[in-house]
Amino acid sequence: MMWALVLLPLAGALIAWLIPDNRKRALVLPVFALAQLFLVGALLVDTPPVSPAGWIMLDPLGKLALISNSVLFAVCAFYAVGYLAYRRRRPNRVLCAALLVCLSAMTLVTISQHLGLLWIALEATTLTMAPLIYFNHNARSIEATWKYLLICSVGIAIALLGLFFLAYSTIVAKQDVTLLLPSLISDAAALHPGWRHAAFIFLLVGFGSKMGLAPLHTWKPDAYGEAPGLVGALLAGGLVNCALLALLRVYQIAVASSEGAMFQEVLLVMGLVSMAFAAVFMARQSDFKRMLAYSSVEHIGIITVALGLGKGALFAGLLHMINNSMTKGVLFLSCGNIHRAYNSKSTTTVRGALRRTPWSGALFLAAFLAITGSPPFSPFVSEFLIVSSAFVQGNFWTGGLFLVFLALIFIGMASTVLPVVLGEVPTDIERTRYRDTLPTVLPPLLLMGIILTMGLWLPAPLQQLLHEAAGLLGGGA
Amino acid sequence: MLFDMLRDPAVLVLCAITLAGCSGLPGLLLRHGPLGQRLASAAALLSSLIALPSLVYLLFWRQTSSFTLNWNLPFGPCEIALDPLSAFFLIPIFLVFPAGALYALGYWPAVERRASERSVTFFYGLLACAMALVVVARNGALFLIAWEVMAVSGYFLLVAEHAEEEVRGAGTVYLVASHLGAGALMVLFSTLFFSTGAFQFPAAGSLQVTAGLSTLIFCAALGGFGSKAGLMPLHIWLPSAHANAPSHVSALLSGVMLKVGIYGLLRVISFFPHPPLWWGALLTAAGLTSALMGICIASAQKDIKRLLAYSSIENLGIICTGIGVYLLAAASGNRLLAYLGLAAALFHVLNHAIFKPLLFFSAGSVIHAAGTRELDRMGGLAKRMPRTAFLSLCGAVAICGLPPFNGFASEMLLYLGFFSEAQAGAPYLALGAPVLALVGGVAVISFVKLYGIAFLGAPRTDGSARSHEAPFSMLAPMGLLALLALAGGLFPQLFLALVNPALAALAGPGADAVALPVAPAWFAVAGGSLLVLSAALFLFLKGRAKAVPAGAGPTWGCGYIRPAASMQYSGSSFGALFGSLASTLVRSRISAGKVAGVAPAATKLSYAPEETVLQRIVLPTISIIGVGFAFVRRLQHGEVHVYILYIFATLLLLMLWVH
Amino acid sequence: MNSLADQFLVLCLLLNFAVLGTSRLNFSVRSVALQGVLLGVLPALVHPFSWHLAFIVVSIVLVKGALIPFLIIRAIKRAEIEREFQPFIGYIPSLVLGALFTTLAFIFAAKLPLAPEHSGLLVVPASLATLMCGFLVLMGRRKAISQVLGYLLMENGIFLFGLLLADAMPVMVEAGALLDLLVGIFVMGIVINHISREFSSIDTSRLSALREE
Amino acid sequence: MIDTLFHMVLVLAMPPLLLGVIGKTKAAFAGRVGAPFLQPYYDLSRLMRKGVVISDTTTWIFKAGPAVTLAATLFAALLVPLGKHAAPVSFEGDMILFAYLFALGRFFTTVAALDTGSSFEGMGAAREVTFSCLAEPALFFALITLTRLSGTMSLTPMLNHVTSPVWVAAGASLILLLAGLFVVLLAENCRIPFDDPNTHLELTMIHEVMVLDHSGPYFGCILYGAALKLYLLGALFVNIAVPFASGNAFVDWALFALSMLVLAVAIGVVESVMARLRLIRVPQLLVAAMILTAFSLVLVVR
C-alpha cells in the first residue's frame with residue numbers, strides 16, 4: 001500500500017512521458033493526482049503499520065505533510081490542464097513527467113522513517129524541480145535554475161554531512177549505527193554531545209537552505225520569480241513542507257536528546273532573522289512573484305519561530321505549515337493568471353487586475369489578506385496562536401518582534417498587492433489572450449474555500465492529528 | 001422550544017445580528033436589478049426593529065445573558081454575552097445601520113452603481129454584523145476575528161470607487177493602520193491569556209496582575225483601540241478613509257465603528273479592579289489633545305467629508321476625555337465626578353452616533369447633488385434642497401454642542417464634572433473646561449463654515465446650481481436622526497436611562513445612583529423656551545415685515561457694480577483667519593501662480609490643508625526606513641558565489657554559537 | 001596501514017591547495033579527479049576487504065576519476081575556456097584562506113572525539129578542510145565550471161567523512177552519496193550546457209540579472 | 001416675584017440706554033453735544049416701522065438669524081442676576097448654558113451673514129467666529145475662578161457670593177479677573193478697540209459688516225439683541241465689580257442700574273481714548289485676557 005503511494009505517480013510519469021500529444025498528456029496529471037489523493041485518503045483512514053525494516057511508516061507528522069502535499073498537488077494538477085491549454089506551443093513532456101516524479105519523491109519524504117532514505121527523496125525533489133523551474137527556457141529562467149540548483153545542492157550536501165555526523169555520534173556512543181528515526185530518538189540522550197551538536201547545526205543549515213530560511217534563502221526569489229505559477233505553488237507549498245518535515249525529524253531527535261532548548265533557541269533566532277529579512281525585502285517590491293518568494297521566507301520563518309517556541313506553539317506551527325501551503329497555492333496560481341493576463345509581473349505595468357481578471361484578482365486579494373493573518377482565514381488561527389503562546393511563555397520580546405515583523409511585512413505586501421489588484425487597467429499595455437476561465441480559476445478557488453473553512457471550523461480529525469504530531473515534537477496536547 | 005427561545009430578548013438580538021450579516025447575501029446571488037439592494041435594506045430595517053426594543057428591554061431590566069457558541073477553533077470556549085455595556089454599544093449599530101441601508105437606496109442605487117453596488121451592500125451588512133459581534137464577544141480570539149472582519153469589510157466598502165487614486169491611497173493607509181491596531185490587540189489578548197490562562201474575558205474587576213503587566217495591557221489596548229477610535233496621533237488613517245468612502249459607509253464608520261474602539265477601551269478598563277490614576281490622566285490629556293487638534297484641523301479643511309472626519313476626531317476626543325475623567329475620579333474616590341465623566345462619555349457616544357451620521361448623510365446628499373466634495377465649489381444649495389438644508393442645520397447645531405440639541409446635554413455633563421472639580425483640593429482638572437470651551441468655539445467656526453459655504457449664498461459652480469433635492473429614502477433617515485438629536489437635547493433623561501445601566505455595569509452597581517447636579521427638566525425648559533421664543537420672534541418679524549413695504553434685490557455689494565458668485569467668501573478664506581492663528585497646529589500648503597507686470601495674466605491660487613502627522617512624520621519615517629531597507633536589499637545582488645558565502649558564514653556562526 | 005592512509009589524506013589536502021592556487025581549469029579538473037581517485041582507494045586501505053568494498057572502490061574510482069572529469073573537460077572544450085580570469089577571491093588570498101581553513105579544521109576536529117578504532121586518523125580534519133576548500137572555490141570563482149569543481153571538492157570532503165562509516169553503515173548512504181554526486185553533476189552539466197547556449201559563456205557573473213535593485 | 005418683575009423690566013428696557021450713554025460720553029469727549037440718551041430707542045422704533053429689502057440670494061435662514069439670536073440672548077437674560085438679587089432662572093450649570101446661548105446666537109448671526117453671499121459679510125462672519133472663540137476660554141477661566149471662590153456652579157449664588165469680604169480675601173485675583181472680563185466684554189460686543197460700531201469701512205469691521213444686508217425690523221431686532229448682550233455681560237462685570245449690598249432691595253436695584261450707567265460711561269471713555277486695534281493685534285489682546293483670567297485662577301488656587 002505505502003509503496004503504491006510512491007509508485008503510482010512514477011507510473012504516471014512514465015505514461016506522461018510516453019504520450020506523444022501535448023494536450024492529452026496534460027490530462028494525465030489530474031488523473032494520477034486524484035488517484036494518489038484517494039490512496040492517501042484510504043491510508044489515512046486505515047494506516048498500515050510500520051514496514052518490516054522500519055524504514056517506511058506514516059506517522060502523524062508525515063500524515064500532515066502528506067495531506068497538504070497531495071491536496072495541493074491535486075489542485076495544481078487540475079490547474080495545469082487549464083494552464084497548459086494557454087501554452088500549447090511549448091512542449092510539456094518534461095513538465096508533466098517531472099511533476100509526477102516530484103510528487104512521488106515528495107510522498108517518499110513524508111513516509112520515510114529512515115533519515116538516509118528521507119535525504120535521498122529530498123535530493124530527488126530538488127533535482128526534479130530543476131527542469132520545472134526551467135520551463136520557460138529563457139535567459140532568466142536558466143539563471144534562476146542554476147542558482148537554485150547550486151545553492152540547494154550545497155545545502156543538501158551539508159545536510160548529508162550532518163547525517164554522517166549523526167550516524168558517527170552513534171558510533172562514538174558505542175551503539176549500533178543507524179539512521180532509523182525511532183532508535184535515534186530513543187538513544188538521543190546517549191549520543192555524544194559534540195557530534196550531536198555539529199550534526200544538528202549541519203542539518204539545520206542543510207535543510208534550512210532547502211526550506212529557505214534567511215540568509216540561506218537567496219535562491220528563492222529567483223526560482224519563484226521565474227518558474228511558472230504552478231511550479232511556484234508546488235515549490236512554496238510542497239517542497240518547503242518536505243524540507244520542513246526533514247527538519248522536524250531532526251527536531252524530534254533534538255528534543256529527545258534533552259538538549260532541545262539549545263536547538264530551539266537556534267531555531268527561534270533563525271526564524272526571527274528570516275522574518276526580518278522578508279520584511280526588508282518585501283518593502284517596495286516591484287515584482288509580485290518575487291514578493292511571494294519573500295513571503296514564503298517569512299512563513300518559513302514563522303513556522304521556525306513556532307518550533308523554537310515549542311510547547312503550545314508546536315500545534316500552531318504545524319497548522320501553519322498546512323495553512324501556508326494552501327494559501328501559497330492560491331497566491332501563486334492566481335498571480336500566475338495575472339502574470340499571464342498582463343504578460344508582466346512588474347507592478348508598474350500590472351494594475352487593476354480586479355477589472356481585467358476579476359476572479360484571479362479577487363483571489364489574489366483575498367489570499368493576500370489570508371496570508372497576512374486576517375481572519376476569518378486559517379492562517380490567522382495559527383499566527384495568533386503562535387503569538388499568544390510566545391506571550392504565554394513569557395517570551396514577550398519574541399512575541400513583540402514577531403508582531404513588528406508581521407506589521408512591516410503587511411505594509412510591504414499591501415503596497416505591492418493593492419495597486420496590482422485595484423484601480424484601472426493601464427491603457428497602453430500589451431493585449432493577451434488570457435481570460436479567467438473555469439479551469440484556471442476553480443482550483444485556487446477551491447483552495448481558498450479550504451482556507452476559509454479551516455479559519456472558521458477546524459475539522460476534529462485534523463485537530464487530533466495536529467495534536468498527535470505536536471506530541472511527537474514534545475508539545476503535549 | 002423555539003418560541004420560548006425567541007421570547008428571550010438576548011436571543012432576538014443575536015438573531016438580528018445574524019440577519020444584519022446576511023442582509024447582503026441575496027444581492028450577491030441576484031445578479032441584476034435593484035431587488036437585492038431592496039431586500040438588504042428591508043433586512044436591515046427588520047433587524048433593527050427586532051434589536052432595538054430588545055436592547056432597550058435588556059438595558060432597562062439590566063439583564064445579562066451569556067451564551068457559549070459551538071466552535072472548535074483552539075481558543076477555548078466561544079463565549080458571547082449581552083451585558084448592559086454591550087447592549088448599550090449595540091444601540092448605535094442598530095440605529096445607524098438601517099438608516100444607512102435606507103439611505104443607500106437613494107444614494108448608491110443598484111441601477112447606477114452596477115459595478116460596486118453588490119459588494120457595497122454585502123460588506124455593509126457584514127460590517128454591521130462584525131461590529132455587533134465585537135461588542136458581544138467575550139473570547140479574545142472571537143473578538144479579534146470579528147474585529148478584523150470589521151476592519152476588512154470597512155476596507156472593501158472604502159475602496160468601492162477604487163478607480164480613483166485617492167481612494168486607493170486612503171484604503172491602503174486605512175488597511176495598514178487597522179492591521180497595526182489589530183497587532184496591538186494581539187498583544188493585548190495574548191497578555192491577558194498570560195495573566196488569566198484563557199482567552200475568555202475576565203469578569204469585571206477581577207483581573208489581578210502586576211503593575212508592569214497592567215501597564216502593558218493598557219498600552220496595548222490604547223494602541224489598538226485608540227487607533228480605531230482615531231485618538232491623536234493615531235488618527236492618520238481616519239480623515240482620508242472617511243472622506244473617500246461612500247457617505248452612508250462614512251456614516252457607519254464614523255458614527256459607529258469609532259465607538260467600537262471606545263467600547264474596547266472601556267471593556268478592558270472594566271477588567272481592572274483599581275485602574276491607576278495615571279491612566280485617567282493620560283486618557284484625559286489624550287482626549288483633550290485630540291479634541292482640540294481635531295477641531296482645529298477640521299476648521300481648515302475644504303473637503304466637506306474630511307471636515308466631518310476631523311470633527312469625529314474631536315468628538316471622540318471628548319468621549320475619551322470623559323472616560324479619563326471617570327478614571328481619575330474613580331482612582332481618587334470621587335463618585336459624583338466619576339458619574340459625570342462616564343455619563344458624559346457614554347451619552348456623547350450616543351449623541352455622536354446620531355448627529356454625525358446625520359451630517360454624513362447630508363454631506364452625501366450634497367455631494368450627490370453638487371457632484372463635488374469641495375466646499376469651495378458648492379454654495380446656494382439651500383435654495384434647491386431646502387429639506388436637506390434644514391436637517392443639516394439641525395445636525396450642525398447639534399454637533400457644535402449648542403442648545404437645544406443633544407450635543408449640549410452631554411457636553412454639559414462634562415463641564416459640570418470639570419467645574420465641580422474646581423472646588424476640590426487640586427483643581428487642575430477644571431482646566432479642561434476652557435479647553436472644551438475653545439473646542440466648542442472652533443467647532444462653531446468649522447460648522448458655520450460647512451453649513452454656510454455649502455448651503456448658503458449663491459452657487460459657485462454650475463454643478464451646484466443644477467443640484468436637486470434628495471429623494472425620500474435619503475431624507476427619511478436624516479429626519480429621524482434630527483428628531484432624535486432634538487429629543488436628546490430636550491429630554492436627556494431618556495438617553496441617560498440608557499446610559500445608566502451601562503454605567504453601572506462599568507463602574508459597579510450603584511454608581512449610577514448619583515443625583516445629577518442639574519435637574520434634567522431644565523434642559524426641556526431651556527430648550528423648549530428657546531424654540532418657542534425663536535419661533536415667536538420669527539413669526540413676529542415676519543408679520544412686521546409683511547406690514548411694512550418690502551423690496552427685493554441683489555445682495556448689497558458695498559458699491560461694487562458687478563458682483564459675481566465666485567467673489568463670495570469661500571470656505572478656505574473663511575477658515576484662513578483662524579488657520580493663521582493656529583498655524584502651529586494646522587499646516588496648509590498654499591501654491592500660487594506668479595503675478596507680475598502691469599496687466600498680469602490670469603493665475604490660480606490653491607490651498608491644501610496638510611495631514612501633518614501623516615505627511616510630516618509617518619511618511620518621512622517610512623521613507624527613511626525604506627532607504628535603510630534598500631541598503632540591506634543589496635545583499636540580494638544576484639552573485640551566486642556570495643550567496644554561498646552566506647551559507648558558509650551561517651554555518652560557521654552557528655557552529656561557533658553552539659560550541 | 002593507517003600511516004599510509006594518513007599520507008593519502010595529506011596528499012588530498014595538498015590537492016586542495018592545487019585547486020585553490022591555479023587559474024587553469026584543466027589542471028583543476030585533473031587535481032579534483034586525482035583527489036577522487038585517492039578517496040576511492042582509501043576505503044581499501046582502512047577497511048578489510050569485502051566484495052561490497054571492492055564494488056564501492058571501483059565505482060568511485062570510475063565515477064570520480066573518469067566519468068566526471070570527462071564530462072567537465074568536454075564542457076570546457078565546448079565552451080572554449082581555459083582559465084579563470086579575475087576570480088572573486090584572488091589566488092594568493094585563496095591559498096592563505098585555504099591554509100587558514102585547514103588550520104581551523106584541525107582545531108575543530110580536535111574537539112570532536114573519535115571512536116577508538118578511528119583514533120589517530122586524519123580523516124576528520126581532512127574532510128572538514130576539503131569541505132571548506134570546496135566552499136572557498138564556490139565562493140571565490142566566477143565560472144560555472146569552477147563552481148562545479150568547488151562542489152566536487154565539497155562532495156569529496158563529505159565522502160571522506162563517509163569513510164568513517166563505510167563499514168558500519170548500510171550501503172544506502174554511500175549509494176546516496178554517489179547518487180547525489182552523479183545526478184547533481186549530471187544535472188549541473190546539462191544546465192551548464194544550456195547556460196553556454198544561452199549566454200555563449202559560462203561566466204556566472206553574467207548570471208546576475210535576477211536581483212533586487 | 002417683585003424682583004422678577006424688576007429683573008424683566010430692567011433687562012427688557014434698559015439695554016438701549018447703555019448705548020445712548022456710551023454715545024453721549026463719546027460725544028462729550030469729542031466736544032460735541034451728541035444724540036440724546038434715548039436715541040437708540042428712537043432708532044429701534046423707527047426700524048420697526050421701516051420697509052424691508054431682502055436679497056434674492058437669501059433663504060429663510062437670513063430671517064431666522066436675528067430671531068434665534070435674540071431668542072437666545074433673551075433666555076440668557078433670565079440667567080444673569082442683576083445686582084445682588086436672584087435671577088429668575090437659576091440651576092447648577094446655568095453659566096454653561098449662558099455661554100452656549102451666546103454661541104448659539106453667534107452661530108445664527110454668522111450663518112445668516114453667509115446667507116447673503118456677500119464677500120464682506122463672509123469676512124465679518126469669519127472674524128466674528130474666530131475672535132469670539134478666543135474670548136470663550138477667558139470667560140471660562142473667570143467662571144472657574146468664581147466657582148472656586150463661591151463653591152457653586154450657578155450664576156446667581158456665584159455672583160451674589162462676591163461681597164466685600166471676598167474682595168478683601170481675594171482682591172488681586174478679582175482684579176485680574178475683572179480686567180480679563182472687561183476685555184471679553186469689549187470683544188464680544190464689538191466695541192473699540194476691537195471693532196468700531198460706528199464706522200462703515202467694511203474691511204475693518206467685524207460685527208457691523210455681518211448685518212449690512214439686514215433692514216427694517218430684522219435690523220432692529222439685531223440692534224436690540226446686541227444691546228442686550230452688552231447689558232448682560234455688563235451685568236456680569238458689575239456684579240463682581242460692585243460687591244456691595246445694602247440689604248434693601250430697592251436700593252440695590254438702584255445701585256445696580258447706576259453701576260451699569262457708570263460702566264457705560266467707562267466704555268465710552270475707553271472708546272474715546274483708544275484707537276481701533278489693527279486686526280492682527282486683536283487675537284493678542286484676547287489671549288492676554290485669557291492669561292489674565294488664568295492668572296486669577298492661579299491666584300485663587302494657590
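How much of the chain over residues 166–187 of chain D is helix, and how far apart are the end C-alpha atoms? That stretch is 100% helix and 0% strand, with its end C-alpha atoms 27 Å apart. Please keep in mind as we go that this is a predicted model.

An unreviewed UniProt entry lists residues 166–187 as one of the segments under "transmembrane region", along with 60–83, 95–114, 129–146, 217–238, 250–270 and 282–301 of chain D. You can compare the segment we started with against residues 129–146 of chain D, where the chain is again 100% helix and 0% strand and the end C-alpha atoms are 26 Å apart.

Four pairs of chains are in contact, and chains B and D share the most contacts among them. At this interface, 70 residues of chain D are in contact with 66 residues of chain B. Several elements of chain D each supply at least two residues to the side that touches chain B: the helices α3 (39–49), α4 (60–77), α5 (94–115), α6 (119–150), α10 (216–241) and α12 (282–301), together with the strand β1 (52–55). The largest share comes from α6(D), with 18 residues. By class, the side of chain D that touches chain B holds 42 nonpolar, 16 polar and 12 charged residues.

β1(D) pairs with strand β3 (residues 550–553) of chain B, in the parallel sense and over four bridges.

Chain D does not reach every other chain, though. Chains A and D do not touch, and their nearest C-alpha atoms are 39 Å apart. Chains C and D have no contact either, with their closest C-alpha atoms 52 Å apart.

Chain B, on the other hand, also meets chain C. Here 11 residues of chain B are in contact with 17 residues of chain C. Helix α25 (residues 640–658) of chain B gives the most to the side of chain B that touches chain C, with five residues. That side of chain B is made up of four nonpolar, five polar and two charged residues.

Turning to chain C itself, you will find seven helices and zero strands. Buried residues make up 46% of its 213 residues. Of the contacts in chain C with a separation of 6 or more, 74% are between residues 24 or more positions apart.

Finally, visit chain A, which has 19 helices and zero strands. Its radius of gyration is 21 Å, close to the 23 Å that the globule rule gives for 477 residues, so chain A is as compact as a globular protein of that length. Along its principal axes, the C-alpha trace of chain A spans about 70 × 55 × 45 Å. Buried residues account for 70% of the 477 residues in chain A. Among the contacts in chain A with a separation of 6 or more, 81% involve residues 24 or more positions apart.

How confident is the prediction for chain A? The pLDDT of chain A averages 90, and 100% of the residues score at least 70. Within chain A, confidence is lowest in helix α7 (residues 181–187), at a mean of 87, and highest in helix α12 (residues 288–309), at 94.

Conventions. Residues are numbered from 1 along each chain as its sequence is written. Chains are lettered from A and ligands numbered from 1 in the order in which they are written. This is a predicted model: local features need pLDDT of at least 70, side-chain atom pairs count only at pLDDT 80 or more; totals for chains, interfaces and linings use all residues. pLDDT is the predictor's confidence in each residue, from 0 to 100. Two residues are in contact if their C-beta atoms, placed from the backbone, lie within 7 Å. Ala, Val, Leu, Ile, Met, Phe, Trp, Tyr, Cys and Pro count as nonpolar, Asp, Glu, Lys and Arg as charged, and the others, Gly among them, as polar. Two strands pair if DSSP finds at least two bridges between them. UniProt positions are given in the numbering used here, feature names are shortened, and annotations may be inferred rather than shown by experiment. The radius of gyration is taken over C-alpha atoms; the globule rule is 2.2 Å times the number of residues to the power 0.38. A residue is buried if 20 or more other C-beta atoms lie within 10 Å of its own, exposed if 12 or fewer, and partly exposed in between; C-beta atoms are placed from the backbone.
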